[in-house]
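Me: I would like to go through this structure and ask what stands behind each label. Please set each value against its rule.

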Amino acid sequence: MKTALLDRSNEYLISRREYFTLFAAIVAAIAILFNNDAPQIDALRGLAVDRLAMLQEKLSWFARLTQSAEEMSALRQRATQLMLENSQLREAYLENFRLRRLLEYRERAPLQFRSARVLFAERSRTPNTVIIDLGARQGMRVNMPVVTPEGLAGKIYKVNERTSLVQLMLDRNFSVSARSQGGRVLGIVSWSDTRGLEMTGVPRNAVIKAGDMVVTSDYSALYPPGLRIGKVIAPSLEKGEPFMRIPLEPAVRFDRLEELFVITTPAESFQVTVADSTSGD
């Protein structure tokens, strides 16, 4: 009886060996496609991601009929708009306080953005990225800032025809000019695989304390000022080191990224225009 079962199993495997061989070849091809950084393979990978995104978009359309996705998207867009407006209002208040004594004023252009859906996450790769459903056709460009309603999430790293790769702030090659929102202490925020998100380059005598919010600074060439980055946990002084160690709690929940927002306002619009009251204009 046992021998008969084995014989039937062998016959089944032999009769379908072409299918098993085809399946193994497809798995090997996919493995090669996603683990090779050659330019030709990279181009094929971008094309494959685009087509897979199109397929997933068509399949998910039916699922979204039973959900309130549009309502949730509208709420997230509204929350992001409020976050951006709040950042600008906060910055405007602080600037007005400082500049009132100088008889100058500043004007900023309103920030525009587009919503994007997260298709895939590539957290185990370098760079640490997610793929969104906006690409060159939708006007995406490299280095565009990407945010959530909570704050800065990353930037556009690579643009395909229909999709884009977003480099997250959790990538060790990502860095951004930052400052504490209250004390105006400047530094650089980056990610360390061993220490997490931290602010570096802050002198030992700087005034910064736990709970202070750290935001993007006015000196960034890519990001508008005032975007929340993270909250100071507990600054510390290392013996013999000229700078403080400032760990941060990220403002964005990176384990819950479903929808992102790409700021499409040109970076040059972030620059501040100062009107000199003595010019006579």
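Reply: Start with a rule: two strands pair if DSSP finds at least two bridges between them. The model here is predicted. In it, Val-146 stands opposite Gly-154 in β5.

Me: What makes β4 and strand β5 a pair, and in which sense do they run?

Reply: The rule asks for at least two bridges. β4 and strand β5 (residues 151–159) have 4 bridges, in the antiparallel sense, so they count as paired under the rule of at least two. A hairpin through 2 residues joins β4 to β5.

Me: What makes β4 and β14 a pair?

Reply: The cut-off is at least two bridges. β4 and β14 have 2 bridges and are antiparallel. Here Val-146 stands opposite Val-262 in β14.

Me: How do you know that both faces of β4 are covered?

Reply: In a regular strand the side chains alternate between the two faces of the sheet. On one side of β4 are Pro-145 and Val-147, on the other Val-146 and Thr-148, and all of them are buried. Buried means under 20% relative accessible area.

Me: How much of the protein chain counts as buried?

Reply: Of its 281 residues, 36% do. The secondary structure of the chain comes to 4 helices and 15 strands.

Me: Why is the pair of Phe-113 and Phe-261 called edge-to-face?

Reply: A pair of aromatic rings is described by the distance of the centres and the angle of the planes. By the rule used here there are 2 aromatic pairs. In the pair of Phe-113 and Phe-261 the centres are 5.6 Å apart and the planes stand at 85°. Centres must lie within 6.5 Å, and planes over 60 degrees apart count as edge-to-face. Both conditions hold, so the pair is edge-to-face. It links distant parts of the chain: Phe-113 is in strand β2 (residues 113–122) and Phe-261 in strand β14 (residues 259–263), 148 residues apart. Both Phe-113 and Phe-261 are buried.

Me: Why is the pair of Phe-174 and Tyr-223 called tilted?

Reply: The ring centres of Phe-174 and Tyr-223 are 6.1 Å apart, and their planes are at 50°. Under 30 degrees would be stacked and over 60 edge-to-face; the rest are tilted. An angle of 50° falls in the rest, so the pair is tilted. Phe-174 lies in the loop between β6 (164–168) and β7 (175–180), and Tyr-223 in the loop between β10 (213–216) and β11 (228–232), 49 residues apart.

Me: Are Phe-174 and Tyr-223 buried or exposed, and how do you know?

Reply: Phe-174 has 2% relative accessibility, and Tyr-223 has 3%. The cut-off for buried is under 20%, so Phe-174 is buried and so is Tyr-223.

Me: What makes Glu-161 and Arg-137 a salt bridge?

Reply: The closest N and O atoms of Glu-161 and Arg-137 are 2.7 Å apart. The rule requires the nitrogen to be within 4 Å of the carboxyl oxygen, so this pair counts as a salt bridge. The structure holds 7 salt bridges.

Me: Why is Arg-137 called exposed, and what is Glu-161 called?

Reply: Exposed means over 50% relative accessible area. Arg-137 has 54%, so it is exposed. Glu-161 has 34% and is therefore partly exposed.

Me: What makes Asp-218 and Arg-179 a salt bridge?

Reply: The distance from N to O is 3.4 Å, and the limit is 4 Å. Asp-218 sits in the loop between β10 and β11 and Arg-179 in strand β7, 39 residues apart. With 26% relative accessibility, Asp-218 is partly exposed, whereas Arg-179 is buried at 2%.

Technical notes:
Residues numbered from 1 in each chain as written. Predicted model: local features only at pLDDT ≥ 70, side-chain atom pairs only at ≥ 80, totals over all residues. Heavy atoms only, no water. Buried < 20%, exposed > 50% of the residue type's maximum accessible area, 1.4 Å probe, protein only. Phe/Tyr/Trp six-rings, centres within 6.5 Å; stacked < 30°, edge-to-face > 60°. Salt bridge = Lys/Arg side-chain N within 4 Å of Asp/Glu carboxyl O.
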